[in-house]
Amino acid sequence: MRIDVVTLFPDLVNCVSGCGVTGRAVERGILDLHCWNPRDYTEDRHRTVDDRPYGGGPGMVMKVEPLRRAIHDARQADTVPPLVVYMSPQGRRLDQDAVQRLADLPRLILIAGRYEGIDERLVELEVDEEWSIGDYVLSGGELAAMVVIDACARLLPGALGDEDSAQQDSFMTGLLDCPHYTRPEVYEGRGVPQVLLGGHHAEIERWRRKQALGRTWQRRPDLLEHRVLDEADQRLLDE
Ligand code: SAM
């Protein structure tokens, strides 16, 4: 998958190439990450990328031309047509289904805004979709773009050490994940659930499923609202 990020802070976004799952994905050539700085597409001495808002008011707005030129070059850098996404608190709220759909695409261009945001005409001319990472306002779209990059990367085949580990993550099956334990077996008087020590795989699977169902029911009942549980799951939940 190729992801191009249009950002005033490429160093910040490129951090994902240096560590963890995203770093491994880049290293293995599974994720191809590029940044484009609108400042490199300015024509004045001060490399101006923002200006005062028409109509007055506080803050600055990102100018349309440098952004558009950067997006143009990002588009041209590969023959695969990209989906162009503006990271914005006004976009649809990102969830695992949306991430899965984005991760299935061969190519994304993510636009990270700054200041009060970007000139609306850029959105009209270049943007296919707007996505938010939650109902709060960040100072810039870089962290939001990094969230998308990370969440997509872990879904790319070959990015995770253990291929199955994404499959049991929260939301992948519409449920929250079960609790996890590792050594020591007893910590401050708290033991690991006995079933996990017995090596009986069917029993362990059953316990995990029950935990996942119970946790989802307790913590995120909304996830179960439109879900028809099969008999086995219903029995586990009732136990
Ligand atoms: N004035 C804008 C508003 O209220 O809708 C907020 C601008 S914010 C200070 C600057 C940039 O941060 C935005 O252009 C966007 O790219 C990014 N941003 C802020 N919050 C975000 C969120 N929740 N999800 C995605 N991007 C966000």
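**Close-up views of a predicted model**

View 1. Pro 184 sits in the loop between α6 and β8 (186-187); helices (H or I, at least four residues) and strands (E, at least two) are DSSP runs, numbered from the N terminus. This is a predicted model, in which local features need pLDDT of at least 70, side-chain atom pairs count only at pLDDT 80 or more, and totals for chains, interfaces and linings use all residues. Residues are numbered from 1 along each chain as its sequence is written. Look for the cis peptide bond that joins Arg 183 and Pro 184, with omega of about 5°. The loop between α6 and β8 also holds Phe 171, which has a positive phi of about 80° although it is not a glycine. For context, most residues other than glycine have a negative phi, and most peptide bonds are trans. Phe 171 is partly exposed, with 16 other C-beta atoms within 10 Å. (A residue is buried if 20 or more other C-beta atoms lie within 10 Å of its own, exposed if 12 or fewer, and partly exposed in between; C-beta atoms are placed from the backbone.)

**View 2. Glu 188 between two strands.** Glu 188 is in the loop between β8 and β9 (190-191). Glu 188 is not a glycine, yet has a positive phi of about 50°. With 5 C-beta neighbours inside 10 Å, Glu 188 counts as exposed.

**View 3. The largest nonpolar core.** A nonpolar core here is a set of buried Ala, Val, Leu, Ile, Met, Phe, Trp, Tyr and Cys residues joined through C-beta atoms within 7 Å. The largest one has 41 residues, of which Val 6, Val 85, Met 87, Ile 109, Leu 110 and Ala 145 touch the most other members. Elements that each supply at least two residues include β1 (2-6), α3 (64-76), β5 (83-93) and α6 (142-153). Helix α6 gives the most to this core, with seven residues. Not counting residues up to four places away in sequence, Ala 145 touches Val 5, Thr 7, Val 13, Met 87, Leu 110 and Ala 112; such a contact means that the two C-beta atoms, placed from the backbone, lie within 7 Å.

**View 4. The shell around the ligand.** Of the 20 residues around the ligand, Pro 89, Gly 113, Leu 138, Gly 141 and Ala 144 come nearest; a residue belongs here if its C-beta atom, placed from the backbone, lies within 6 Å of the ligand. Strand β5 gives the most to this shell, with four residues.

**View 5. Helix α4 against α6.** Helix α4 (residues 96-103) and α6 pack at an angle of about 75°, with their axes 9 Å apart. That makes α4 roughly perpendicular to α6. (Axes are lines fitted to C-alpha atoms, for helices over the stretch in contact, and angles run from 0 to 180 degrees between N-to-C directions; under 35 degrees counts as roughly parallel, over 145 as roughly antiparallel, 65 to 115 as roughly perpendicular and the rest as oblique.) Here Val 99, Leu 102 and Ala 103 in α4 meet Val 148, Ala 151 and Cys 152 in α6.

**View 6. Helix α7 against α8.** The axes of α7 (residues 201-219) and α8 (residues 231-238) are 9 Å apart, at an angle of about 70°. These two helices, α7 and α8, are therefore roughly perpendicular to each other. On the α7 side, Arg 209, Lys 210, Leu 213, Gly 214 and Trp 217 meet Asp 233, Leu 236 and Leu 237 in α8.
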